[in-house]
Amino acid sequence: MPSNPNNQYTNTPMTEEKNPWDITPKERAIFSIIVMTGAFMAILDTTVVDVIVPKLTGPLATDMYGVQWIITSYMVAAAIALLITEWLIKNFGAKAVFLAGVALFTAASLACGLSTNLDEIIIFRVIQGVGEALIMVTSHIMIFSYFPPDKQGLAMGIFGLGVSFAPALGPTIGGYLTEYYNWRMVFFINVPVGLLLVISGLIYLPKESFFTKLRFNFVSFFLLSFATVSLLIMLSKGQQYGWFNSSLIGLLLVFSVVGFLLYILSELWSKDKLIDFSLFKNPLFANGIMIYFFILGFSMYQYFYLLPVYYEHIKLLPTLDAGIAVFAFALFIGIFSPLAGILADKIGAKNTVAIATFFYVTTSFALLPQLNYYTPLSQAMLLTIPFGIGMGLFFAPVTVMVLQSAPGHKGELAIVLMDYFRFVGGSFGTALATNNMEYFKNMHFLRMEELQNPDFIRHYLQTLQEFSGMTQEKVMAVFQQYETFMSANYGFYNTFVHAGYWGILGSLFVVLLFVKNPFARSQHA
């Protein structure tokens, strides 16, 4: 096989001369549409379901803490399934794993829509999460292999439509389906799409041969899964249980730390590694993963979570209207993702990452903290558009840089690590956003209480009582609700700013991309 200067993944046997990108433009378009539709469907489901969760307490006869497990179970299952995906691809091929993932996801979606109680939907969400993990890793590596080396930036720009655009579009679609149909349609809509994908994939996606047969390290897999599950549940439930005021959260932290330590020991002693950490010897790969971890996971995922909450709870918009408002910046993510890929092919992935990071950090600090209750809706939507452009510019060049810095036979592992760090970083980001909202709301509430003149407040409330005809208790309750609302409103400023701080931390790794390390080894294995 001819040598590959960019070390990109090839999903063909070593003895076959034909490269996977040696296909006609028509074939490339068909393959890309099938794979991208699967990725888009899978990742869209993560934020679509977020919209309907508060509405499920009645139909499933549970409370808010119960329905939160619908999200947590999915997240945990997907994170664990990621760890076994490389082994599955190596042994069964990307096409077979992709189609199995789509079939699992589709069947689980149907079962979720038919669920009549909380236990049923949690079980089927676990299966759905496994399907999502299989789809995301395989679709990522497959679409990368369909494009020649000089077009791989465009490939990742197209893939960025799924990773960046889909989560932002989720609230719009979820709001529409729940407004005009019911919550079950959020799951049922996946069924015809999934069936079409399985049929078209079987017919059109190219056949492949196995690269190699890998032995699987079950001990390391169990230990890393145990640590990851403990960490994700801790992050998901920390706010509910009062973080480290709860013995359960403290215990989960201990489980997580011990699990990761035992996993490291297992990897050191084992001949068959679960994860080949030699990839991190390449500074481009290591810095790229950290950029992905902090900017996408810790920072961007906070904004994905915060903006729908802002529109619904601060601007007091109905779910559908909030989804339409979010669509303003989601549209520009979709437009600029392919453009960022083309730019990466023209000027290099590293330079494009620097431009994207500068644009993202600048807009997240300069524009988003301006959003509050008094911001007109049209102005709020306009302020998020440059932010959407920054997000759209980000994904493709980072992915290209990471994949091209990994040896060709480690392409699947590189994708697994990217998705694993995205999952864990996103879980941290969502937990931080939730915690910061509550903390800054309480902080502003106490400051408002400190600054108030008791005599003036007493006179004001008495006047309001006489004017409205309400009882003193009702007037006090209304005033307290107003104070709580305004505290949340002012708290959003701090929460938005703190989300941006993680973007600055991630940008330090961007700077390191341009710092020459005299002790660095060769970049390609």
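Predicted model: local features only at pLDDT ≥ 70, side-chain atom pairs only at ≥ 80, totals over all residues.

Me: What is the geometry of the pair formed by Y263 and F277?

Reply: Planes over 60 degrees apart count as edge-to-face. Y263 and F277 are an edge-to-face pair, with 65° between the planes and 6.5 Å from centre to centre. Y263 lies in helix α9 and F277 in the loop between α9 and α10, so this pair links distant parts of the chain, 14 residues apart.

Me: How are F294 and F298 placed relative to each other in helix α10?

Reply: The two residues are separated by about one helical turn, because they stand four residues apart in that helix. Their rings form a tilted pair, 5.2 Å centre to centre, with 40° between the planes. F294 is buried at a relative accessible area of 13%, and F298 is also buried, at 6%.

Me: Which residues form one aromatic cluster?

Reply: Both pairs discussed above belong to it: Y263, F277, F294 and F298 are among the members, which also include Y420, W502 and F509.

Me: Where does the charged end of K350 sit?

Reply: The charged end of K350 is over the ring of F514, 5.2 Å from the ring's centre. K315 likewise lies over the face of Y373, at 6.0 Å from the ring centre.

Key: Residues numbered from 1 in each chain as written. Heavy atoms only, no water. Phe/Tyr/Trp six-rings, centres within 6.5 Å; stacked < 30°, edge-to-face > 60°. Buried < 20%, exposed > 50% of the residue type's maximum accessible area, 1.4 Å probe, protein only. Lys NZ or Arg CZ within 6 Å of the ring centre and 35° of its normal.
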